[in-house]
Each structure stands twice: as structure tokens, then as C-alpha cells.
Amino acid sequence: MDACAIVGGGIVGLVAFLAIFVIPLRRFIPSLKSDSAETKLIATLGTLHVLAVMIYCLSQSFFTHNSGNLFYFFLTIVWYALLTTQQGNIKKMA
């Protein structure tokens, strides 16, 4: 049995698919309670992006196309990079 066949379906595939959404959400959601308006904005944008793609995936096969993968992962990385940069700037100022 091929490893790709295992990941493509079953419990391993479901866990991997859910991890694509849960891991970024666990990074963005705690920052929603920040005192900084900029940090809240970036965390909100990242959270909304993940939730929007998650909801869209309920009715469409978003990740079967290369453009869907690029859209989701690129913007998730951009929002996370902005968030960590903003949090680093706040720590430097304190």
C-alpha cells in the first residue's frame, strides 16, 4: 500500500486535513486578545482567512487544485509572518 493512498483517505487523511486548519487557528486566536490594535487586526485577518477557506471547503474541493493550495498556504504564511513581526516589534518597544 502506497503512503499517498493512506494519506488521501481514512483517518490519517482526515487528521491531516483538520491539522491544516487547526494549527494556524491555534496560532492566530490567542493574539485576538492583544492590547495592540495592529496585532488584533492581523490576528483577525488570519483567523478570517482560515475560517473562510474552511467554510468554502465544505462545498468545494478547494485543495484539489494547485491554485487553491497556493492561495491558502501563501496567505496563511503572510498573515503569520506579519503577526510574529508585529509581536516582535511590540516586545522591542517594551
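The largest nonpolar core is made up of twelve residues in all, namely Phe 21, Leu 25, Phe 28, Ile 42, Ala 43, Val 50, Val 53, Cys 57, Phe 62, Phe 63, Tyr 72 and Leu 83. Helix 2 (10–28), helix 3 (37–57) and helix 4 each supply at least two residues of this core, and helix 3 gives the most to it, with five residues. A nonpolar core here is a set of buried Ala, Val, Leu, Ile, Met, Phe, Trp, Tyr and Cys residues joined through side-chain atoms within 4.5 Å; buried means under 20% relative accessible area, exposed means over 50%, and partly exposed lies in between, with a 1.4 Å probe and protein chains only. Helices (H or I, at least four residues) are DSSP runs numbered from the N terminus.

This is a predicted model, in which local features need pLDDT of at least 70 and side-chain atom pairs count only at pLDDT 80 or more, while totals for chains, interfaces and linings use all residues. Residues are numbered from 1 along each chain as its sequence is written, and side-chain values use heavy atoms, with hydrogens and water left out.

With 28 residues, helix 4 reaches 40 Å from its first C-alpha to its last, close to the 40 Å expected at 1.5 Å a residue, where the expected span is 1.5 Å times one less than the number of residues. The buried residues of helix 4 are Gly 68, Tyr 72, Thr 76, Leu 83 and Gln 86, and what covers them includes helix 2 and helix 3. Asn 69 also has its place in helix 4, which runs over residues 66–93, but at 25% relative accessibility Asn 69 counts as partly exposed. Not counting residues up to four places away in sequence, Asn 69 touches Phe 62, Phe 63 and Phe 74, a contact being heavy atoms within 4.5 Å.

How do the other two helices lie against helix 4? Helix 2 and helix 4 pack at an angle of about 20 degrees, with their axes 11 Å apart; axes are lines fitted to C-alpha atoms, for helices over the stretch in contact, and angles run from 0 to 180 degrees between N-to-C directions. Helix 2 and helix 4 are therefore roughly parallel to each other, given that angles under 35 degrees count as roughly parallel, over 145 as roughly antiparallel, 65 to 115 as roughly perpendicular and the rest as oblique. Helix 2 passes helix 4 in a left-handed crossing, a term used if the near helix is turned anticlockwise from the far one by less than a right angle, whereas clockwise would be right-handed. In this packing, Ile 20, Phe 21, Pro 24, Arg 27 and Phe 28 of helix 2 meet Tyr 72, Phe 73, Thr 76, Trp 79, Tyr 80 and Leu 83 of helix 4.

For helix 3 and helix 4, the packing angle is about 160 degrees and the axes are 9 Å apart, and these two helices are therefore roughly antiparallel to each other. Helix 3 passes helix 4 in a left-handed crossing, and the residues making the contact include Thr 39, Gly 46 and Val 50 of helix 3 as well as Tyr 72, Thr 76 and Leu 83 of helix 4.

Several residues of helix 3 can be taken one by one. Thr 39 lies in helix 3 and is buried, with a relative accessible area of 1%; leaving aside residues up to four places away in sequence, Thr 39 touches Ser 31, Ser 34, Leu 83, Gln 86, Gln 87 and Ile 90. Ser 31 is found in the loop between helix 2 and helix 3 and is likewise buried, with a relative accessible area of 8%. Gly 46, also in helix 3, counts as buried at 0% relative accessibility, and beyond four places in sequence Gly 46 touches Phe 28 and Trp 79. Val 50, leaving aside its neighbours within four places in sequence, is in contact with Phe 21, Pro 24, Leu 25, Phe 28, Tyr 72 and Thr 76. Met 54 is found in helix 3 but is partly exposed, with a relative accessible area of 28%, and Met 54 touches Phe 21 and Leu 25, not counting residues up to four places away in sequence.
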